[in-house]
Amino acid sequence: MIELGLESFELIGSVTQDKNEIRFPVQVKGRPICPRCGIYTAYRKARKTTRRIVDVPMNGKRVLLLAFRQQFHCLECGSYYVQPMPDVDKKKRMTNRTIPFILEEFEHSFIGDIAEKLGVTADPIRRVCLEYLPEDRYKALALRNTEASRRKVKPDDLREFDPLASLHQAQHE
């Protein structure tokens with residue numbers, strides 16, 4: 001049995017996998033609590049949705065969480081809400097542990113390679129790097145990746161290439 005390792009989710013079906021991907025059907029653990037009034041006993045289930053969430057690769061395969069999210073209608077205050085998913089970044093549709101994975105991979109890989117490992121486009125990877133890395137570090141690594149691409153080598157093969165020195169030289173010209 002493959003273990004997910006995320007505390008806020010529980011597995012609700014069988015794990016499926018093929019040669020490239022592992023899919024976990026999950027839902028949020030615990031009882032629903034209305035964020036507006038704080039009541040958790042007076043609710044009625046409303047509609048149900050499924051959200052696809054990217055997680056870190058496992059055993060060399062992409063990992064996808066199929067999160068079944070129940071919308072609730074609070075009978076006390078009348079508001080509609082969905083249980084929050086604490087292990088998931090709200091904007092990026094990826095688990096919180098995926099962000100450090102992306103930042104670590106960006107140190108020695110191309111954005112496109114990271115995107116392929118996670119099964120997403122390059123845009124979310126780029127947004128994570130821009131949001132969490134200092135601007136000069138992001139620019140230096142992006143410049144290194146561009147230079148590696150131009151030379152048709154892996155970024156790690158550019159040991160003599162100093163992206164920070166190249167970045168400062170380009171700014172002073």
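**Exercise 1. Find which residues of helix 3 are buried, and decide how they are arranged about the axis.**

Step 1. Helix 3 spans residues 122–132. Its buried residues are Pro124, Ile125, Val128 and Cys129. Buried means under 20% relative accessible area, exposed over 50%, and partly exposed in between, with a 1.4 Å probe and protein chains only. Helices (H or I, at least four residues) and strands (E, at least two) are DSSP runs, numbered from the N terminus.

Step 2. Look down the axis of helix 3. The buried residues fall within an arc of 135°, so they line one face of the helix. The arc is that of the directions from the helix axis to the C-beta atoms.

Step 3. Recall the geometry. An α-helix has 3.6 residues a turn, so residues three or four places apart point the same way.

A note on the source: this is a predicted model, in which local features need pLDDT of at least 70, side-chain atom pairs count only at pLDDT 80 or more, and totals for chains, interfaces and linings use all residues. Residues are numbered from 1 along each chain as its sequence is written, and side-chain values use heavy atoms, with hydrogens and water left out.

**Exercise 2. Repeat the analysis for helix 1 and helix 2.**

Step 1. In helix 1, the buried residues are Thr98, Ile99, Ile102, Leu103, Glu105 and Phe106. They fall within an arc of 165° seen down the axis, so they line one face of helix 1.

Step 2. Helix 2 covers residues 111–118, and its buried residues are Ile111, Ile114, Ala115 and Leu118. Their arc is 100°, so they too line one face of the helix.

Step 3. Check the end of helix 2. Just after it, glycine 119 takes a positive phi of about 80°.

**Exercise 3. Describe the packing of helix 1 against helix 3.**

Step 1. The axes of helix 1 (residues 98–106) and helix 3 come within 10 Å and cross at roughly 90°. Axes are lines fitted to C-alpha atoms, for helices over the stretch in contact, and angles run from 0 to 180 degrees between N-to-C directions.

Step 2. Classify the angle. Helix 1 is roughly perpendicular to helix 3. Angles under 35 degrees count as roughly parallel, over 145 as roughly antiparallel, 65 to 115 as roughly perpendicular and the rest as oblique.

Step 3. List the contact (heavy atoms within 4.5 Å). Helix 1 gives Ile99, Ile102, Leu103 and Phe106; helix 3 gives Ile125, Val128, Cys129 and Tyr132.

Step 4. Sort these residues. There are 8 nonpolar, no polar and no charged. Ala, Val, Leu, Ile, Met, Phe, Trp, Tyr, Cys and Pro count as nonpolar, Asp, Glu, Lys and Arg as charged, and the others, Gly among them, as polar.

**Exercise 4. Characterise asparagine 59.**

Step 1. Phi is near 55°, a positive value in a residue other than glycine.

Step 2. Asparagine 59 sits in the loop between strand 4 (43–58) and strand 5. The residue is exposed, with a relative accessible area of 68%.
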